[in-house]
Structures are given as structure tokens and as C-alpha cells.
Amino acid sequence: MALLLSPPVLKILCTIAALMLCCSVNPATAKEKEIEYDLAISFDPARHLLNGTASIILRPGMGLNLDNAGLSVTGVMLRYQDGREVVPSLPAGSRFNLPAESESRQLFISYTTDTERSTENLISSDGITLTDLWHPIPDRAMLFRLQAKLPKGLSAITESDHFPLPVDGDMVTGISSQPHQNLHFAAGPYVIDSLEVRQGLRVYSLFFPEDRDLAQDYLEAAVRYLQRYEKEIGPFPYPHYVIAANRRPTGLGMPAFTLLGQQVLRLPFIKDTSLGHEIVHSWFGNSVEVDLSGGNWCEGLTTFLADHAYRADQGQSAIDRKERIINYLSYVNEKTAMPLAAFRSADHRVPQADALRATGYNRGTLLFAELQEMLGEKVFTRV
Ligand SMILES: [Zn+2]
């Protein structure tokens, strides 16, 4: 189905494209020259709407498959190296496939998405969370730049080499030199506090004003975890680590930041358990990424190095392992048993999430505990 653009929409799209082209011919840093996916977003909090424009560079010989699920595409345009502009046809479904061509091209897609009924995304005047299908998702990891026009009084976090995010007027920018397939974004009327871990590494808290009294304990706990794991694993892969509050009840670990639900943060045990788990994910899962085709090994390893290790610190290693075996036997039966290598994720939305979790997290932990037992502490730690 060909996409028909009304003149005003076409004009807006061309203006955005022209602005983005202006950006791309300005003197750029080495990293900016490599950016493949430029994303510009703005918000309408009263209507819970996100407006976005994605600009994706396609080098000669490169095709692209985009997933636009959950998005209303309002315009699409393809600009060739010689300046030719064409409006490609959009299929009826959410997948948008562009075959490879011999010329270099730039694809522009403008879209809106309504978050009012979303259980994960949120756009409101007192908080923004974007964690699920909020921009066109490419079929491979790319170098992103995100520019977000923020409502007054909010500050933001996303995957970025720098924190706090550079601000220009009401626009914040995140540039990540690590390729991603999709980004996460949160903004709120945050109070920002921070502590230095060592030269070149700081931790930050982005808590809502009503929870600011919790920040210092979280920051001090994060410093302890980072110091512990830099000794156990190696240098922290990022120059900052941010603990950001979310109006939604999440416990997500992204490169260099975690998004913890506001209610979750208020639970007294989170900084003694989940925070350490999410910090270990900065090494395993976010820096050393998981190729899911070979199974998800990182939840077992992370749980072993965090949750299980904290019990072991208290002399409860055997009890913890026993509890994990009981949990596994309680949820996994003949129908739900599977090889550990078949574990991908235990998203709470999938059926049998408890059995999957018992396998990936608990049996995974027991595998690493057994390896440690077999190899001995010294060899295991060196490996
Ligand atoms: Zn985890």
C-alpha cells in the first residue's frame, strides 16, 4: 500500500529531513560521523503522545527490516546520495522491509505513538518512561543518537556515553558508542545526587523529590558494589552508573543505568539485593552481550555473582542453593523441563514464567556453583 502524504505532513517531514541533513554536514566528532540511527522525539504529556522522527543511514549494499509495531507512521521518505527523494510504499503490517541497493541512502520515518493504554510506556507531566516499542526497531544493532525535547522541569536518562546528558535549551542528547537495537528512555522531575567511586567513575541517583531521602543509601550501596565487582570482575565498562526511579514498577538493567520502580525503590531490601544484581548486568548482559541463539547464560551468572554471593557472604551458601533447588522442583515438571541452553528470558508476560525463571536463574546459578566447586575458587575466579 502506497503511503499518501498530505501536503502539511510532507512539508513537516521535508523540514525535519532538511534540519537533520544540516546537522549531518556540520563539523562532527568521530563518533557523530559513525551515527547510523538518529532519533528525534518530543512529547505531548496531556495527551500521552510521543512524536518522533527516525533518520537511518543505509550504506551501499545494505537493506533494512524495521519493526514499527505500536507506532502510527505519519510519513516516510528515502533520500539517495544524489539528492533524489522518493516515498516508499508502506506494507499493511508493522514490518517495513527495504531491500539492499548499490547506492547510499537515508531513510526518514516520522511517527506518533499513544501511550495511554500501555502498561510499560508512560508519558505524563510527572514522569516519562519508554521501554517498550516506542521507536522503529531495526533488524540489527546500530549506533544511535537520541535527541529529546523535554517538557519543562524534567531531566532525562538514556543509553549514553555521557551523563548528565548534554542539554541545549529544552533539548537533551544521548550518544552511545555501543551499538544498540533499541533504546530506553526515562525522564522526570528528578533530584540528581551523586558520589565518586574513583577517578573517572561516578554513581548518580535520579529520584523523585518525595523519595530523595532514600538516595544517599542507594549511592553508598552502589559505590560498595562497584568497588567489589571491579576487584572480582575487572574495570567497570562505563564512566557512570545511574539509578533512576520509574513511575512504572520495573527492575531493568541497561548499559550504565538501572530503572527501578518508585515503589520498588522504597522496599528496604532492594539496595541489598536487586541493585547489586543490576550492577553486575553492566558487565554481563549489557557490556558482554548475550547471543540468545546459544541460550541466555547471563541471568544464571549474574544471580550467582550477586544474589547467591550475598547469601554466601552471610555463611548461607548451602541454604541458598537448597532453596533454589526447592524452587526449581516446585515450578518445573515433565512438561516445563528444558535444557538450560534453551532459556532465553523469563518475561512475566510469557506463560510458564515461573518455570522459566527457575531454570534460567536458579538452575543457572547452580551450574556456576557446581563449576566453582569443581574448579576450586582460585581457578574459577581466574577463568
Ligand atoms: Zn537479571
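## Basis of the model

Residues are numbered from 1 along each chain as its sequence is written, and side-chain values use heavy atoms, with hydrogens and water left out. Because the model is predicted, local features need pLDDT of at least 70 and side-chain atom pairs count only at pLDDT 80 or more, whereas totals for chains, interfaces and linings use all residues.

## Overall fold

The chain has 9 helices and 20 strands, where helices (H or I, at least four residues) and strands (E, at least two) are DSSP runs numbered from the N terminus. Its radius of gyration, taken over C-alpha atoms, is 23 Å, close to the 21 Å that the globule rule (2.2 Å times the number of residues to the power 0.38) gives for 383 residues, so the chain is as compact as a globular protein of that length. Along the principal axes, the C-alpha atoms fill a box of roughly 70 × 45 × 40 Å.

Of the 383 residues, 48% count as buried, meaning under 20% relative accessible area with a 1.4 Å probe and protein chains only. Among contacts (heavy atoms within 4.5 Å) with a separation of 6 or more, 67% come from residues 24 or more positions apart.

## The zinc site

The zinc ion is coordinated by NE2 of His277, NE2 of His281 and OE of Glu299, at 2.0 to 2.1 Å; donors here are N, O and S atoms within 2.8 Å of the metal (3.2 Å for Na, K and Ca), and since water is not among the atoms, sites may look incomplete. Along the chain these donors follow the spacing H-x3-H-x17-E. His277 lies in helix H5 (residues 274–283) and Glu299 in helix H6 (residues 298–313), so the pair ties together parts that are 22 residues apart in sequence. Both His277 and Glu299 are buried.

## Helix H5

In H5, 9 of the 10 residues are buried, so this helix is largely enclosed by the rest of the structure; the buried residues include the zinc ligands His277 and His281. They pack against H3, strands S18 (240–246), S19 (251–254) and S20 (257–261), H6 and helix H8 (353–375). After H5 comes Gly285, whose phi is positive, near 125°.

## Phe208

Phe208 lies in the loop between strand S17 (201–207) and helix H3 (215–232), and is buried with a relative accessible area of 1%. Leaving aside residues up to four places away in sequence, Phe208 touches Asp126, Gly188, Pro189, Tyr190, Ala245, Asn246, Arg247 and Gln262.

Notes: Buried < 20%, exposed > 50% of the residue type's maximum accessible area, 1.4 Å probe, protein only.
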